[in-house]
Amino acid sequence: MNVKYAEEDFSQGYKYYGLHFKDDNSVVAREWAPGAKGLYMTGDFNNWQWKAEPFQKLEFGKWELKLPPNADGTPAVKHLSEIKIIVRNEKGELLDRLSPWAVYVKQPPKEANLGVNFKQLVWHPADEEIYTFKYPSAKRPKSLRIYECHVGIASQEPCIASYDHFTTEVIPRIKRQGYNAIQVMAVMEHAYYASFGYQVTSFFAASSRFGTPEQLKRMIDVAHESGLFVLLDVVHSHASKNVQDGLNQFDGTNNCYFHDGPRGEHALWDSRLFNYVEYEVLRFLLSNLRWWRENYNFDGYRFDGVTSMIYHSRGIDQSFSGDYNEYFGMNVDTDALNYLALANYMLHLQNPQCVTIAEDVSGMPTLCRPISEGGIGFDYRLGMAIPDKWIQLLKEYSDDQWNIGNLVHTLTNRRYRENTVAYAESHDQALVGDKTLAFWLMDKEMYTNMSVLSDSNIIIDRGLALHKMIRLITHSLGGEAYLNFMGNEFGHPEWLDFPRPGNNESYHYARRQWNLADDDLLKYHFLGEFDRAMNELEERFGWLHSDPAYVSWKHESDKVIAYERAGLVFVFNFHPTKSFTNYCVGTNWPGTYKVSLTTDDKIYGGFQRIDKNCKHFTKSETYAGRSSYFEVYIPSRTAAIYEHISN
């Protein structure tokens, strides 16, 4: 068998299933419903007569319906017509469903008093209304600097923001900050807004609460124009339990797309789990990945919930010590692991520039090695232990109790050549019930002491200093890519909470307060400017795609860390009170150095205790295992990056 041909055909299920318009304006609909005893289509086109348009049963659980053109030659169903699939189950009952292959679904406005379930609308705009991409896809960056974002919360106003708003208002911000990739959350349609997009109901439909499919295409096109690599946050680990507007029990049985029994349900997420052995389920999921690339020009994918997929325990109440028995025992769900390998093989075969990222906390070996080596084929995994370590340090320890060796271990604990995305804060850390990184550091003082005109405040000074240091050491030591959640770059103060009955459906916390970063009289802009400078320096030196850092110094009582990467020397002093004069820093590059970036610069809210223009001469003597060293002044709670300028 020609593997490439088989993959090409198999991964384009969306060209066979769902609703399709032919050249003669006839319409063909196909579904996979192996447990159904009958299938019908209804809608406003036939005055909602449930049984007027029966499907014909084909082999292997497939069903087909052909609708001839109207007498005037127009299609039987038109753009934005509402339709439903009616399923007759084995008991003879008629059940209304949405097609799993629906490309546009919409929730009625509350004032319409039509319930909360999504409605499937036919998406078949006129040719002149279809968005035409103008710009080529972005090339895969050598260093991935990812901006994790959510379209709906991207407005400063208390509302659900749109694709158009994100295009015009947010993409320029991301570009200016020096990020070269965006990871877009909550695009796959989800009935419950507060699920953050992780309870998907319609896998092929772009969320209509933010706008139309064409508006999403324009957003991605403009991102490509700005040189941004666009990643889709894809959820193939589970699906919403919703029946009337989801995949669950589509054919009237409990095991259409999912496992039956306990294996088909996630106990903590209250969701359904896919059967990765079923042929048509594989076609559905692989075609779904291809759909987002072919129709919307997404460049890559961040796979959610990989740990839940690859273990029968779903990772619940399980800690991973690194023992290889945890990864190669009977707890491993080989069906899911094989699906992920197949998905990665397909995606990289179709597009060698594609990037895939696994959200895996377990550290499964070879997850991020190529298929040709026997790996699972991901390009990166998320370094999920890193933000947890920062929260633990800020929550449980005073500054002088920080274990420097343990911190360095957490930041460097990854398998060689299995790339890691490092981050200090993602959406997980910003959700209601937790605190943003900035709020852990500064708490309520942020409401009263962030003006540049106010007197110095010890809590704010500490918070600003550590916020910069935490991001810089995570960025430069923690991995081969870096991720920031929208707002963290300027220290967004408040948690993220979507409208729900518990907060009286308020949007107050489901937004981003860009005004804080834009106001030069507030100290938030110091953090934002430092973030931009940090990204610009990485663009210049490329430490993320360089070999891992060599840590030459980690001193517990001094709270000092020094390491080399990409031709730069990084020095951190986490001590809350002690500054050090003529501190020796080992290096293998003798000569003169200058400060390329320091957290203590006044333009980033520091005290300018380090002269950023000073030069340091290296002494050719062995120190800390290095052939030379140079002496620096390193104030408390500061970090500096030293650039070698001459021998």
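Student: What makes β1, β2, β5 and β4 an open sheet?
Tutor: In this predicted model, the 4 strands line up in the order β1-β2-β5-β4 with antiparallel pairing. The edge strands, β1 (18–21) and β4 (56–57), each pair on one side only. Strands here are DSSP runs of E with at least two residues, numbered from the N terminus.

Student: How do you know that β2 and β5 pair?
Tutor: Two strands pair if DSSP finds at least two bridges between them. Strand β2 (residues 27–32) and strand β5 (residues 62–67) are joined by 6 bridges, so they qualify. Within this pair, W32 stands opposite K62 in β5.

Student: Why is the contact of D333 with R314 called a salt bridge?
Tutor: The term needs a side-chain nitrogen of Lys or Arg within 4 Å of a carboxyl oxygen of Asp or Glu. The closest N and O atoms of D333 and R314 are 3.3 Å apart, so the pair meets the definition.

Student: Why is D333 called buried?
Tutor: Buried means under 20% relative accessible area, exposed over 50%, and partly exposed in between (1.4 Å probe, protein chains only). D333 has 3% relative accessibility, so D333 is buried.

Student: What makes R609 partly exposed?
Tutor: R609 has 31% relative accessibility, so R609 falls in the partly exposed class. Its salt-bridge partner D600 is buried at 3%.

Tutor: A note on reading the model: residues are numbered from 1 along each chain as its sequence is written. Local features need pLDDT of at least 70 and side-chain atom pairs pLDDT 80 or more, totals for chains, interfaces and linings use all residues, and side-chain values use heavy atoms, leaving out hydrogens and water.
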